[in-house]
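Dear colleague,

I am handing over the structure below, and I would be grateful if you could look through it before reading my notes. The notes that follow go through what was found in it.

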Amino acid sequence: MKITTLPLIVLALASGLTAHAAAQQPHPLEGRIWDTRSRGFISAESAYDRAAASRHLLLGEKHDSRIHHQLQLEALQALARRGRRPTLALEQFDREHQPALEAAQAAGITDAERLADAGQLNREGWRWPMYKDLIGFAAAQGWLLAAANLSRADAREIAMGRSAPPLPPADSAQLAAMSEDIVQGHCGHRPSPERLAAIVHAQRARDASMAEALEASTPPTVLIAGTGHVRRDRAVPRYLKDSESALTIAYVETSEGKETPQAYDAAGFDLLWFTPPTRRPDPCDQPLGGSVAPSTPSKEKP
């Protein structure tokens, strides 16, 4: 019995090891950069050369990805090596705190913790110290920091329909795409048409605020923001006076079974920089809150 079962055991172990090794293989797109215009891969140095030549560099991230923040830091370091001294604008600072942020830098403060205090960065909401190295590097280089985001309070007033600041016209395709982004970003829950329109207006107001911050800053500029905010087709670049002077880079997490760039949403981005995914709990396992929360309790899952 031992003689006949031993090979089966060995084969089973070998099969298991092979499956494990296959599971450990990196995704074929991991670390590669796809140029959406030339429809070809480019090197990191080529991407950095283009970044250094742009007036506005928009770096789109997954907020909780340490890999994305490391790549953003490498982009800033590459700009410094090329002699560029951009203003670093961040979604993580609300624009109302710009005077305090400017005063802190004018006083010679370069410590990231103290600058975060001056700009009243919400450490819990933005998973501090995720952005500490970016802020610290820019400050150490003597680069100016710019608060880019609409205040949370103002954004909520708009999303709840209690305020509607004027914005440039948007076409139906832009509004429809933004509405779908919001629905998909909130686990398929679709608010009432009025509430959804208000949330879209708030999102547009945030994009316009970030564009205004870039335009008001000493060029060149770099914007650190969520990927959805750097899209040419419906976000910050649409509110820039010269969007062609901007380079949009989306750091994109790879997905199993999607092994070609064409399998990913590339609309609105100049470059897709593929990265390993970050393990995170399913946000749809938690009840929705905020402006998209259902007005009535949702039914329990069977």
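Helices (H or I, at least four residues) and strands (E, at least two) are DSSP runs, numbered from the N terminus. This is a predicted model, in which local features need pLDDT of at least 70 and side-chain atom pairs count only at pLDDT 80 or more, while totals for chains, interfaces and linings use all residues. Residues are numbered from 1 along each chain as its sequence is written, and side-chain values use heavy atoms, with hydrogens and water left out.

Cys187, in the loop between α8 (172-185) and α9, has a positive phi near 65°, and Arg127, in the loop between α5 and α6, has a positive phi near 55°. Cys187 is partly exposed at 36% relative accessible area (buried means under 20%, exposed over 50%, partly exposed in between, with a 1.4 Å probe and protein chains only), and Arg127 is partly exposed at 44%. For background, most residues other than glycine have a negative phi, and most peptide bonds are trans.

The peptide bond from Trp128 to Pro129 is cis, with omega near 15°, and Pro129 belongs to the loop between α5 (112-118) and α6. Another cis bond runs from Pro219 to Pro220, with omega near -5°, and Pro220 is in the loop between α9 (193-216) and β6 (221-226). The ring of Trp128 also has Arg123 over its face, 5.2 Å from the ring centre (a charge sits over a ring if NZ of Lys or CZ of Arg is within 6 Å of the ring centre and within 35 degrees of the ring normal).

The structure holds six aromatic pairs (rings of Phe, Tyr and Trp, the last by its six-membered ring, pair if their centres lie within 6.5 Å; planes under 30 degrees apart count as stacked, over 60 as edge-to-face and the rest as tilted). One of them joins Phe137 and Trp143 edge-to-face, at 5.6 Å centre to centre and 85° between the planes; Phe137 is buried at 16% relative accessibility, and Trp143 is buried at 2%. Tyr264 and Phe274 are also edge-to-face, at 5.0 Å and 65°; because Tyr264 lies in the loop between β7 (246-253) and β8 (271-275) and Phe274 in strand β8, the pair ties together parts that are 10 residues apart in sequence. The charged end of Lys258 sits over the ring of Tyr264, 4.5 Å from its centre.
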